[in-house]
Amino acid sequence: MSTPAAPVAPALKKTALNATHRALKAKMVDFGGWDMPVEYPCPGGGLIAEHLAVRTGVGLFDVSHMGEIQFRGPGALAAVQHITMNDASRLKDGQAHYSALLTPQGAFIDDILVHRLSENDYLLVVNAGTTDKDYAWIRKNAGSMPGIHISDYSPYYSQLALQGPRSLDTLRKLTKVDLAAIKNYWFTWGTVAGIPNVLIARTGYSGEDGFEVYIPSDEATTVKMWNALMEAGAEFAIRPCGLVARNTLRLEAGMSLYGHEISEEINVLEAGLTHWLKLDKGSFIGRDALVACNESGGPKRRIIGLEMVDRGIARDGYPVLDLGGHEIGTITSGSPAPFLKTNIAMALVPADFAASGRDVLVQVRANQVRAKQVPLPFYKRPKK
């Protein structure tokens with residue numbers, strides 16, 4: 001009797017810059033089924049150099065693994081409203097906002113960006129590891145609504161994110177578009193580095209100013225844009241940046257990450273993302289559960305910020321204890337903060353404990369390490 005063959009793991013997906021990353025000696029890992037760079041240990045490089053480049057100068061990220069799902073037709077707005085928590089009716093042409101797809105319980109299918117291209121045309125940018133799940137969920141919950149055509153255009157876009165206080169100075173060398181006129185969470189189109197019809201957005205996931213450029217996903221076009229941006233940013237000591245720096249930057253800025261501060265087990269109220277939750281816009285998936293939660297006294301758990309007092313790093317998944325040694329919660333994200341020069345974390349704890357502001361202990365391997373509650377975000381970029 002023959003032994004059944006072991007299942008073959010699916011091949012990792014690759015962005016159009018895969019060969020470029022490898023030529024730069026990037027450390028590559030499997031990230032949600034994608035072969036992605038986590039850091040570039042080139043001379044003088046690595047995580048800290050990448051992180052500080054974004055905080056003080058400019059860094060360039062390949063985020064082409066993100067998903068893009070388009071809603072078209074006279075029913076597009078109604079469909080977007082039905083499946084997202086923010087109020088897309090407030091968007092103007094060329095404007096974007098942060099939002100989320102929710103379960104009926106008010107927890108997260110995914111957090112997303114919604115871009116209004118025109119009255120009947122919306123582009124949703126979703127997380128890479130959840131693109132297939134999101135698209136299936138969207139088709140199930142909005143696909144049969146009238147006047148709507150939903151398409152997954154993820155394979156056709158490359159997306160590069162230019163982040164940092166010198167990002168505008170870098171990008172303006174390559175385009176005649178008035179970049180200063182693009183306000184935060186707005187976008188436009190223009191020619192960049194000789195490539196026409198580039199979607200230029202000003203959103204970001206680092207806590208700094210920055211721009212995203214969306215271009216055709218063929219290797220020649222994507223490499224041309226990458227090289228042009230790297231050359232334009234050379235005078236500002238631009239660095240290619242990987243996923244580890246992206247994570248430490250967003251953590252310093254107190255931004256949630258799917259699978260950590262938000263998930264199908266954590267609802268919007270627990271996550272503290274009520275700024276983008278519009279319960280007054282009318283019915284949408286998850287609304288009833290969140291209204292009921294508010295009416296019953298609010299969430300029983302909350303995300304808090306922690307700064308380590310004792311020496312030690314609170315890593316994702318570590319237990320959080322009260323000062324009596326009783327386990328009360330879990331670290332959702334934790335790492336050193338290269339710019340702030342301290343160790344920080346976010347944790348999910350009981351709401352009454354969060355409100356008390358009391359110190360906690362974090363179980364770091366065999367040691368119980370003290371941490372203090374601090375407001376989120378840990379870092380805010382200086383106002384000009």
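Predicted model: local features only at pLDDT ≥ 70, side-chain atom pairs only at ≥ 80, totals over all residues.
Leaving aside its neighbours within four places in sequence, which residues is His51 in contact with? Residues are numbered from 1 along each chain as its sequence is written, and side-chain values use heavy atoms, leaving out hydrogens and water.

**View 1. His51 sits in helix H2 (residues 47-56).** Helices (H or I, at least four residues) and strands (E, at least two) are DSSP runs, numbered from the N terminus. His51 is buried, with a relative accessible area of 0%; buried means under 20% relative accessible area (1.4 Å probe, protein chains only). Beyond those neighbours, His51 is in contact (heavy atoms within 4.5 Å) with Ala245, Thr248, Leu249, Glu252, Pro338 and Phe339. With Thr248, a side-chain to side-chain polar contact spans 2.8 Å. A polar contact is a pair of N or O atoms within 3.5 Å; within protein, one must be able to donate a hydrogen and the other to accept it, and residues adjacent in sequence count only if both atoms are side-chain atoms.

**View 2. Asn267 lies in the loop between helix H7 (243-252) and helix H8 (268-271).** Asn267 is buried too, at 12% relative accessible area. Look for its side chain reaching two backbone nitrogens: that of Leu269 at 2.9 Å and that of Glu270 at 2.8 Å.

**View 3. Helix H3 (residues 76-83) has Ala76, Ala79, Val80, Gln81 and Ile83 as its buried residues.** These pack against several elements, including strand E4 (67-72) and helix H4 (131-142).

How values were computed: Buried < 20%, exposed > 50% of the residue type's maximum accessible area, 1.4 Å probe, protein only.
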